[in-house]
Amino acid sequence: LPTSESWVFSTVLFLFILMVVSYIRSSNWLYESVRTFLQVKERSSIFSKTTINDFQSRFFLIVFSIAVFSLYLYYLMYNPQHGFEFLKFLSFFGITALFFGLKYLLIDLVGYVFVDKSTLKVARESYFNILTYLGVTIYPILIFQLYFPQSLNSVSSHIALILCTLASILLTIKLFQIFFHKILASFYIMLYLCTLEILPIFFLLGGLRMIV
């Protein structure tokens with residue numbers, strides 16, 4: 001079981017330290033991103049010291065979120081007869097990181113073709129901010145499901161599903177806020193959601209099932 005594996009506890013502890021270090025390095029951008037979420041706001045120059053710290057903090061939290069998603073998905077999909085293996089978790093992490101890396105490149109590619117640079121920057125930051133919010137909120141649910149009675153797992157699983165749904169709603173709201181200038185724009189936004197948000201999720205889950 002996951003609770004009997006020492007690497008699981010070490011990984012959860014490492015993720016906690018990574019989250020704390022990210023927060024200590026620069027919590028300003030996190031507060032600011034939550035406060036101004038419903039605003040379309042450009043940040044200052046990336047060459048300032050504060051923004052460099054923000055970038056490092058943001059990067060650590062994205063790594064933290066990807067690791068949380070990977071461990072949580074592995075926990076939900078693993079077969080107890082095959083054990084809970086560290087190498088399989090690394091495979092989950094690698095595929096999930098590759099998935100979000102490709103999403104980053106696709107966002108840049110689509111943005112380069114269809115929108116201006118400043119709008120693309122706002123959209124990209126909003127996307128990964130929402131990813132970070134979701135990772136931070138899923139983390140305590142992951143700990144709960146790992147170390148509390150399994151009879152309560154269904155409750156925490158439903159809460160995680162609600163959080164993922166809320167994150168999807170926030171992403172949709174932000175996309176409409178950034179790109180909705182004409183009625184025709186709604187068509188392009190829905191096309192984006194289907195091709196770059198919904199369909200890739202099925203490919204990701206399919207790849208993870210192959211590992212299991």
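A nonpolar core is a set of buried Ala, Val, Leu, Ile, Met, Phe, Trp, Tyr and Cys residues joined through side-chain atoms within 4.5 Å, where buried means under 20% relative accessible area, exposed over 50% and partly exposed in between (1.4 Å probe, protein chains only). The model is predicted, so local features need pLDDT of at least 70 and side-chain atom pairs count only at pLDDT 80 or more, while totals for chains, interfaces and linings use all residues. Residues are numbered from 1 along each chain as its sequence is written, and side-chain values use heavy atoms, without hydrogens and water.

**View 1. The largest nonpolar core.** This core has 41 residues, of which F64, L71, F84 and I138 touch the most other members. Two or more residues each come from α1, α3 (49–77), α4 (86–114), α5 (117–147), α6 (153–179) and α7; helices are DSSP runs of H or I, at least four residues, numbered from the N terminus.

**View 2. Surroundings of I138.** Leaving aside residues up to four places away in sequence, I138 touches V68, F69, Y72, A160 and L163 (contact: heavy atoms within 4.5 Å).

**View 3. Aromatic pairing of F144 and F148.** The structure holds 16 aromatic pairs (ring centres within 6.5 Å, using the six-membered ring of Trp; planes under 30 degrees apart are stacked, over 60 edge-to-face, the rest tilted). F144 and F148 form a stacked pair, 4.6 Å centre to centre with 15° between the planes. F144 is partly exposed at 26% relative accessible area, and F148 is partly exposed at 42%.

**View 4. An aromatic cluster.** One cluster is formed by W7, Y74, Y75, Y78, F84, F86, F89 and F92.
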